[in-house]
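Q: I'm new to this one and would like to learn how to read it. Could you show it to me and take my questions as they come?

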Amino acid sequence: QLDAANDLYIKNKAAIKGDVLNDNNLDLWRKFNNSLMLRLYMRMSEVRPDVASAGFKKIVENPGKYPILSNEKENISLTYLPARPNTWPVHTTRVGSFDENRMSETIESVLKAYDDPRMQLWFRPTASSVAAGKPEWAGMKNGLSDGVAYNYKGGAQNLSRWGEIFFESPNASEAIVMLHSEVEFLLAEAIKRGFINGDQKTHYEKGIKSSFSYWAERGKVAGKTLEMPADYLTRNWTPKTEYN
């Protein structure tokens, strides 16, 4: 169906009326279409590696017929509006409901292992550590029952909530459909699996840089500064194995 859609984009140049996602940009829709094919091929790669490999080759080796998302300016995401009905859904919830969301120990492990500054944008330091004048971030183990979760690590004061960009700044969040960073990671993994030729490291690092660029822009909307550390790509990763 996506192959057929790609052919239709080539043949039909009529504008899409009322397009709130890509603003009537058919070329961008076509790139999204083909990038989505990469996602689907990768998801079937463990079951049908032959189909996945052929699919990646078809797209990557024919960029004229199968263009894909090539930079962060082509991210596919829905921009929310400051007024209803197209507002960021979480922003309209009551504070108590928003505060029920917590940082996961899994992402805590990864972000802390890399000393990743995105953690400070996505999550808040614990209330108890802020009160003590020493901000710290702490996550919750996934899958806990309500009773255990309520008292985990001594309670909510010792756990990190979602960041301000997800509540106090209604225009900072977007509905992410597909980012350019994902496409780069898909290409890197396809090279790793031997589906296509290329430099795995180059695509992987492009994906990281593109992710930082995207979140830096979202942070800017909320008055937050985010920069990718100069040595980020050369840091050693030492995750807590019990969270993997």
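Q: Which backbone oxygen does the side chain of Ser160 reach?

A: Before the case itself, some ground rules. This is a predicted model, where local features need pLDDT of at least 70 and side-chain atom pairs count only at pLDDT 80 or more, while totals for chains, interfaces and linings use all residues. Residues are numbered from 1 along each chain as its sequence is written, and side-chain values use heavy atoms, leaving out hydrogens and water. A polar contact is a pair of N or O atoms within 3.5 Å; within protein, one must be able to donate a hydrogen and the other to accept it, and residues adjacent in sequence count only if both atoms are side-chain atoms. Here, the Ser160 side chain gets to the backbone oxygen of Arg124, at 2.8 Å.

Q: Is Ser160 buried or exposed?

A: Buried means under 20% relative accessible area, exposed over 50%, and partly exposed in between (1.4 Å probe, protein chains only). Ser160 has a relative accessible area of 0%, so it counts as buried. Its place is the loop between α8 and β2.

Q: What does Ser160 touch, not counting residues up to four places away in sequence?

A: Contact means heavy atoms within 4.5 Å. By that rule, the residues touching Ser160 include Asn101, Met103, Phe123, Pro125 and Trp137.

Q: Let's step back. How many helices and strands are in the protein chain?

A: Helices (H or I, at least four residues) and strands (E, at least two) are DSSP runs, numbered from the N terminus. The protein chain has 10 helices and two strands. Reading from the N terminus, the order is α-α-α-β-α-α-α-α-α-β-α-α.

Q: What box do the C-alpha atoms fill, and how much of the chain is buried?

A: Along the principal axes, the box is roughly 60 × 45 × 40 Å. Of the 244 residues, 42% are buried. Contacts tell you about the fold too: among those between residues at least 6 apart in sequence, 68% join residues at least 24 apart.

Q: How many positive and negative side chains are there?

A: For counting, Lys and Arg are positive and Asp and Glu negative, with His and the chain ends not counted. Each charge is placed at NZ of Lys, CZ of Arg, CG of Asp or CD of Glu. That gives 32 positive and 30 negative side chains, with the centres of the two sets 2 Å apart.

Q: Which residues of α10 are buried, and what covers them?

A: An α-helix has 3.6 residues a turn, so residues three or four places apart point the same way. In α10 the buried residues include His203, Gly207, Ser211, Tyr214 and Arg218. Their cover includes α6 (118–122), β2 (174–178) and α9 (180–192).

Q: Which side chain does His203 make a polar contact with?

A: Its partner is the side chain of Glu184, at 2.7 Å. Leaving aside neighbours within four places in sequence, His203 is in contact with Glu184, Leu187, Ala188 and Ile191.

Q: Where does a positive phi turn up in a residue other than glycine?

A: Most residues other than glycine have a negative phi, and most peptide bonds are trans. Asp23 has a positive phi near 50 degrees, and Lys153 has one near 55 degrees. Asp23 sits in the loop between α1 (2–11) and α2 (26–43), and is exposed, at 63%. Lys153 lies in the loop between α8 and β2 and is partly exposed, at 37%.

Q: Is Leu226 buried or exposed?

A: With 10% relative accessibility, Leu226 counts as buried. Leu226 lies in the segment after α10. Among its contacts beyond four places in sequence are Pro117, Leu121, Phe212 and Trp215.
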